[in-house]
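Subject: Structure for your review

Dear colleague,

Please find below the sequence and structure that I am handing over to you. My findings follow directly after them.

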Amino acid sequence: MRIGTIDKLDKFRAKCERQFKAQKKKIIVCLGPGCLASGSDKILDEFKSVLKKKKIKGITVETVKKTGCHGFCACGPLVVIEPEGIFYAKVKKIHVKDIIEKTLLKGEIIEKLLYTDPHKKSKKYTDYRSIPFYKYQTRISLRNLGLIDPDEITDYIAAGGYAALAKALTKMKPQKIINEVSKSGLRGRGGGGFSTGRKWATCAKVDDEPRFVICNGDEGDPGAFMDRCIMEGDPHSILEGMIICAFAVGSHDGYIYVREEYPLAVVNLQRAIEAARELGLLGENILGTGFSYDIKIIRGAGAFVCGESSALMKSVAGEIGEPRAKYIRSVVKGVYDKPTVLNNVETFATVPVIIEKGSKWFASIGTEKSAGTKAFSLAGKVRNTGLIEVPMGMTLRDIIYKIGGGIEEDRQFKAVQTGGPSGGCLPEGKIDLPVDFDTLTKAGSMMGSGGMIVMDERTCMVELARYFLDFLVSESCGKCVPCREGLHQLLILCTKITRGKASENDLDLMEKLSKVIQVGSLCGLGQSGPNPFMSTVQYFRDEYLSHITDCKCPGRSCRALITYTINDKCNGCVACISVCPEKAITGEKKKLHVIDQDKCSQCGSCEVVCKYDAIDIT
Ligand SMILES: Cc1cc2nc3c(=O)[nH]c(=O)nc-3n(C[C@H](O)[C@H](O)[C@H](O)COP(=O)(O)O)c2cc1C
Ligand code: SF4
Ligand code: SF4
Ligand code: SF4
Ligand code: FES
């Protein structure tokens with residue numbers, strides 16, 4: 001069916017809404033990446049198969065709905081019963097029958113599946129909206145995740161989807177759209193934080209054709225999965241944002257560049273593209289307005305540098321994905337040397353809401369210079385890991401303690417890394433900083449695309465810097481010397497520190513080298529490459545010095561600098577002997593065990609299995 005006019009879209013929406021609302025009960029099974037990894041697809045199938053066999057009035061196979069990531073991945077696999085919002089965590093296939101028989105048929109709550117407050121163990125939450133993890137969030141780019149089936153365009157339309165497109169195409173001139181996006185204060189969510197409206201305005205003014213609108217779905221930052229979840233869980237929001245942008249800048253062709261490691265994102269986006277085309281929302285003569293724009297998916301080969309704008313555009317054109325100098329701007333000469341707007345997934349997903357609700361509404365959320373909200377993937381040593389979206393300006397403390405539930409096992413907070421490999425680590429003294437583009441940059445880190453990794457006292461900051469340097473060395477395209485050689489040398493020196501073989505001169509050398517790399521590199525990878533080192537040495541210099549002068553690793557994680565011994569709490573349970581890969585542990589049953597230091601490779605396996613706190617790490 002093709003929807004040829006705006007009126008017909010409105011009628012179709014009313015039908016979709018009726019269908020959506022008609023299903024009063026919904027059993028929502030999260031099929032986001034985290035839940036899927038722990039078998040949520042099997043849970044979905046089980047619900048369908050039990051419901052097929054059981055005849056329950058008003059509850060059919062259609063009552064079961066799959067959605068993208070619900071956000072609270074730490075509790076997955078998740079099942080939510082709507083409209084009550086009953087939230088069941090860590091659900092297994094064996095719970096399915098119980099959920100149907102008790103909750104759906106008798107309205108009983110299954111206590112053991114409810115989320116329990118980690119601070120007040122007696123407190124259980126029934127409605128997920130009251131769980132602190134959800135309560136403190138404001139969801140704009142993630143608005144539909146956990147609520148709609150990404151494969152059903154009718155779900156997206158019922159949730160208000162494509163209304164912004166209709167408004168943009170019929171009630172707004174291209175310049176008005178650009179003004180609205182500019183006035184909203186929206187800044188690109190892919191890392192740089194450049195004004196989206198200004199980028200669109202520049203492209204629209206370039207006297208050259210054709211123009212292209214591209215979505216950057218490369219998301220190479222380790223630990224980040226916001227873009228992935230939007231692409232997998234709400235693909236139409238990206239398409240809608242891109243079509244609005246294309247109309248505003250006068251483009252008729254576009255691409256979504258998705259990294260190879262996200263096959264489900266490719267499948268869901270492709271299905272969404274086809275469904276939108278079939279309804280006449282994409283392709284020729286969109287909604288009968290005469291405007292045409294189409295989108296192709298391009299798969300990246302998993303190179304971090306291909307997320308950089310100029311490298312991405314080379315890669316789209318089938319060339320080697322190497323960045324080029326920035327004096328040629330992509331909005332002027334982008335893909336195929338033609339004017340191109342490149343925006344991030346989250347940026348595009350936010351656009352329809354701005355068009356619908358207006359720039360004033362968006363600008364009223366967040367801070368003066370960082371409007372709106374930002375999605376983060378909260379990871380590391382925090383209790384509630386997952387996908388979150390908060391108003392800009394919320395403090396790191398509120399994110400980590402209110403939404404994140406604090407540090408695992410009530411350990412001491414040490415630092416938070418924001419901005420991925422290009423970002424930096426902020427110590428406890430900075431935990432009350434508001435999270436916005438400028439504050440984070442001023443503090444020596446950056447917003448980046450939204451990876452947020454929390455560390456506790458057991459993290460070694462030198463090892464962390466070494467990890468990111470190692471990542472960047474292997475991801476550098478090698479085109480320019482400061483990045484290619486400089487980062488490599490930084491890695492060698494940092495590794496020397498983690499092995500207790502460095503001097504203070506090496507640290508000075510690293511600082512000087514970092515400055516050369518920052519100013520001499522061609523693209524953002526090299527320019528920001530030393531950030532993890534620079535920020536850790538700024539805030540955790542003592543830790544570097546302790547590795548250098550005392551050959552000690554305060555985080556007790558640098559293998560070359562730690563010793564494993566067994567203390568007298570050992571009761572000779574022999575659990576450690578069987579896991580030791582080096583056969584370094586000896587001892588008789590029920591007697592104190594010992595570790596042969598010449599054989600021990602400091603792998604840590606014995607500490608993991610010992611239930612009696614008998615392994616000392618010094
Ligand atoms: C090494 C490197 C990797 C990048 N990777 C990504 C990425 O994966 N996704 C992304 O949206 N932006 C990435 N960027 C930023 C892009 O170059 C570009 O600024 C962004 O896609 C523009 O969209 P925005 O204005 O909506 O943020 C990367 C930049 C650099 C230097
Ligand atoms: S800075 Fe690094 S990644 Fe960027 S162009 Fe130079 S060598 Fe390539
Ligand atoms: S696991 Fe712990 S208690 Fe058991 S033998 Fe090893 S050190 Fe001793
Ligand atoms: S740290 Fe690893 S190698 Fe060393 S004793 Fe324990 S299990 Fe064995
Ligand atoms: S994948 Fe299910 S909550 Fe994130």
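The buried residues of helix H7 are covered by, among others, helix H1 (6-22), helix H8 (174-184), helix H11 (235-249) and helix H14 (345-357); contact here means heavy atoms within 4.5 Å. In H7 itself (residues 163-171), the buried residues are Ala163, Ala164, Leu165, Ala166, Ala168 and Leu169. Buried stands for under 20% relative accessible area, exposed for over 50%, and partly exposed for what lies in between (1.4 Å probe, protein chains only). Helices (H or I, at least four residues) and strands (E, at least two) are DSSP runs, numbered from the N terminus.

Please note that this is a predicted model, in which local features need pLDDT of at least 70 and side-chain atom pairs count only at pLDDT 80 or more, while totals for chains, interfaces and linings use all residues. Residues are numbered from 1 along each chain as its sequence is written, chains are lettered from A and ligands numbered from 1 in the order in which they are written, and side-chain values use heavy atoms, with hydrogens and water left out.

An open sheet of four parallel strands is arranged in the order S9-S8-S7-S10. Two strands pair if DSSP finds at least two bridges between them. Strand S9 (294-300) and strand S10 (340-344) are the edge strands, and each pairs on one side only. On average, neighbouring strands of this sheet are turned by 20° against each other, direction ignored. Axes are lines fitted to C-alpha atoms, for helices over the stretch in contact, and angles run from 0 to 180 degrees between N-to-C directions.

Seven bridges link strand S8 (residues 253-259) to S9 in the parallel sense. One of the bridge pairs is that of Ile256 with Ile297 in S9. Helix H12 (residues 263-278) lies across both S8 and S9, and runs at about 170° to S9.

An open sheet of five strands has mixed pairing and the order S12-S11-S15-S13-S14. Strand S12 (386-391) and S14 are at its edges; each has a single partner strand, so one side of each is left without a neighbour in the sheet.

S13 runs antiparallel to strand S15 (residues 451-456), to which five bridges join it. Ala415 has Met455 of S15 as its bridge partner, and Gln417 stands opposite Ile453 in S15. S13 also pairs in the antiparallel sense with strand S14 (residues 424-427), over four bridges. There, the partner of Gln417 is Cys425. S13 and S14 form a hairpin with five residues between them, and Gly419 in the turn has a positive phi of about 85°.

A pair of packed helices

Two packed helices are described by the angle between their axes and the distance between the axes. For helix H18 (residues 461-475) and helix H19 (residues 481-498), the angle is about 150° and the axes are 9 Å apart. H18 is therefore roughly antiparallel to H19; angles under 35 degrees count as roughly parallel, over 145 as roughly antiparallel, 65 to 115 as roughly perpendicular and the rest as oblique. The crossing of H18 and H19 is left-handed, a term for a near helix turned anticlockwise from the far one by less than a right angle, with right-handed used if the turn is clockwise.

The residues making the contact include Val462, Leu469 and Val473 of H18, and Leu487, Leu491 and Ile497 of H19. The contact residues divide into 10 nonpolar, three polar and three charged. Ala, Val, Leu, Ile, Met, Phe, Trp, Tyr, Cys and Pro count as nonpolar, Asp, Glu, Lys and Arg as charged, and the others, Gly among them, as polar.

Points in the backbone

Gly76 and Pro77 are joined by a cis peptide bond, with omega about -5°. Pro77 is in the loop between strand S2 (64-67) and strand S3 (79-82). Another cis peptide bond runs from Glu82 to Pro83, with omega near 10°.

Lys590, a residue other than glycine, has a positive phi near 65°. Lys590 counts as exposed because its relative accessibility is 73%.

Yours sincerely
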